[in-house]
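Here's a quick tour for someone new to reading protein structures. Have a look at the picture first, then work through the points below.

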Amino acid sequence: MPISRRALAAAFAVSVLLPLSACGSGDDGGSTDASGKVEGDITFQTWNLRANFKDYFEGVIADFEKKYPGTNVKWVDQPAEGYADKISADAAGGTLPDVVNVSPDLVAPLAKAGLALDLDKAAAQYKKEYLDGAWASHQIPGMTGTYAFPWYLNTGPLFYNKSLFEEAGLDADQPPTTYDELFADALQIAEKTDGKVATLANVPTIEDFGRYGVPLMNKEGTAFTFNDAKGVELLTKYKELYDAKALDSQALTATPESSGKKFLTEAVAMNPGSALDLGNFKKQAPNLYKNIGITDQITSTGHVNMYVMGVMVNAQTKRTPAAVAFAHYVTDAAHQMSFAKKVAIFPSTAGSLDDPYFTKEDGTDETRVRVAAAKSLKTAVNYTPVLFSEQMKTELRNEVAKALQGKESPKEALDNAVEACDRLLQQQG
C-alpha cells in the first residue's frame, strides 16, 4: 500500500469472500511440515509497497537469499485497488503466491478454503516472538489455528482544526474526550457556522460501533449483534448530527481519501489520522498545520482501534520450509523495527514497542504522536470482526445511509443490516 493514512484506511478496510467451492481444501497442496531444508523458488506478494519501499524489500530479499543459499524469492507487488479481487481470483485459479501480504479479514475465507497454512502447527516455535494480541489477530472464530504471521500495526489520534474550534466559541485546548462532548461540540460548530463547517466527514463503520462499546458478534462468532440498544443509540446520534449539518453532507459517499481532502481544505473540523499525516499537512496545508490539534481517539471502552497487517503462507506451497522461513524473516523483530523507522507504522513483535524510538519524545509533534500511539497499541483492539466481509460492510453502509436520510429508523436500519450480514455469514460456510 502507499503508506498514507487514507490509503492505509482504505486498504485495511478491504475484505473478500472467496468462492469456496472453487478452492478445494488443498488436497493437492504442499506439506504443513516446515522443518525441512530451506531451499527453492518462492513468490512473495505485497500490497502496493513497491513504489515507496523498493530498496527496502530488495535488501530484505537479498539478505534472506544470502542466509539461505539455494533460495530464490520472486517479489510481486499488487496495486491497492482490487487487491481483494486479485487474491480471490488467484485462490480460485490455484495461482496464489507462496507468501502473501494480507489483513485479518482477507485471511478468513482463505483459511476456510484450506489455503492458509496453520502456523500453530507449522511454526509454533515463533509465537512467543510476537505480541499476544497481534498473534491472535489472524485467528478465525469457529476454527482452531493461526493463519498468518502478524506484521505491522497502526493506530493514530484524532486531528482537529484549532481555528475552527475557536471560531465556534470552543476552547481549542480542550478537545472532546468523550462521545457526549464530541456530539455537543459538533452541534455547536454547525450552529455557529450556519452549517458551513461539519465536524465529522464519515458515517459510522463497524469499528466505530465497536469503539462506542457496542457488542458486534456473539461469542461463538455465528451471528452479529450490533443492532442492540447501544448500537441504535450511536446511529441515532449520527442522525442528529446529519440533520444539523454537523456530519458532512457528502459523508454517505465519502471515502477515506475524500474525507482527508475535506480536512486538508478546512471544510471539516476533525479527522482520524496517524503520524504519517503530519508531514503531509506541513507540505500541502501549512495553514492547517499551524492550527493542528492532536487528541486521542474517542472510545467508550478504554481501548483504541488498531489495524493489523499479516504475512500468510499458502498451504499449497511446494516449498513450505522456505515459505515459512521467509514469512518469519520479513516479520521478525529486527526487520519490523527497521521498517518502522522508514514509515510511521508499529512492530507487532514482543518488546519492540519498548524501544526508545517509541517511548522518548523530542518535543516534536511527530514523536508525540508516535509515542502516544505506541503506548495505546499495547492494549488496542482490532474492532473489525475477522468475519466481517466487504459485502457486509456495504450492507451496513447502505442501511446507515437509509437511517441518516430518514428512510428507515436507526433500529430498522441496524436490524436489516444484521439480518443481511448474518445471511452472508451463513454463506461463508
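**The second largest pocket**

The second largest pocket holds about 590 Å³ of space. Of the 26 residues that line the second largest pocket, V381, N382, Y383, T384 and P385 are the closest to its centre. Keep in mind that this is a predicted model: local features need pLDDT of at least 70, side-chain atom pairs count only at pLDDT 80 or more, and totals for chains, interfaces and linings use all residues. Residues are numbered from 1 along each chain as its sequence is written, and side-chain values use heavy atoms, with hydrogens and water left out.

- A pocket here is found on a 1 Å grid over the protein atoms alone: it is an open set of points where a 1.4 Å probe fits, with protein on both sides within 12 Å along at least five of seven lines, and lining residues have an atom within 4 Å of a point.
- Grid points are joined across faces, edges and corners, and the volume is the space filled by probe spheres set on the points.
- Helix α7 (residues 132–136) gives the largest share of the lining of the second largest pocket, with four residues.
- By type, the lining of the second largest pocket splits into 15 nonpolar, eight polar and three charged residues. (Ala, Val, Leu, Ile, Met, Phe, Trp, Tyr, Cys and Pro count as nonpolar, Asp, Glu, Lys and Arg as charged, and the others, Gly among them, as polar.)

**The whole protein**

- You'll find 20 helices and nine strands in the protein; helices (H or I, at least four residues) and strands (E, at least two) are DSSP runs, numbered from the N terminus.
- The C-alpha atoms of the protein fill a box of roughly 70 × 50 × 30 Å along the principal axes.
- With 429 residues, a compact globule would have a radius of gyration near 22 Å, and the protein agrees, at 22 Å. (The radius of gyration is taken over C-alpha atoms, and the globule rule is 2.2 Å times the number of residues to the power 0.38.)
- Of the 429 residues, 56% count as buried; buried means under 20% relative accessible area, exposed over 50%, and partly exposed in between, using a 1.4 Å probe and protein chains only.

**The six-stranded sheet**

- Six strands form an open sheet in the order β2-β1-β3-β8-β4-β9, with mixed pairing. Two strands pair if DSSP finds at least two bridges between them.
- β2 and β9 (346–347) stand at the edges with a single partner strand each, so one side of each has no neighbour in the sheet.
- Six of the eight residues of strand β1 (residues 40–47) are buried, so β1 is largely enclosed by the rest of the structure.
- β1 pairs with strand β2 (residues 71–78) in the parallel sense over eight bridges, and T46 stands opposite D77 in β2.
- To get from β1 to β2, the chain passes through helix α3 (residues 50–67), and this β-α-β crossover is right-handed. (That is, with the strands pointing away from the viewer, the path from the first strand over the helix to the second runs clockwise.)
- β1 also pairs with strand β3 (residues 99–102) in the parallel sense, over two bridges. F44 stands opposite V99 in β3, while Q45 has V100 as its bridge partner.
- Within β3, V99 and N101 point one way and V100 and V102 the other way, and all are buried.
- β3 and strand β8 (residues 307–313) pair in the antiparallel sense over four bridges; here V99 stands opposite V313.

**Helix α5 and what follows**

- Eight of the nine residues of helix α5 (residues 104–112) are buried, so α5 is largely enclosed by the rest of the structure. The buried residues include P104, D105, L106 and V107.
- Just after α5, G114 takes a positive phi of about 80 degrees.
- L117 lies in the loop between α5 and α6 (119–122), and counts as buried at 2% relative accessibility.
- L117 and A148 are 31 residues apart along the chain, yet their C-alpha atoms are separated by 7.6 Å.

**Two non-glycines with positive phi**

- N48, in the loop between β1 and α3, has a positive phi near 55 degrees without being a glycine.
- K245 isn't a glycine either, but has a positive phi of about 65 degrees.
- K245 sits in the loop between α11 (229–243) and α12 (256–264). Is K245 buried or exposed? At 52% relative accessibility, K245 counts as exposed.
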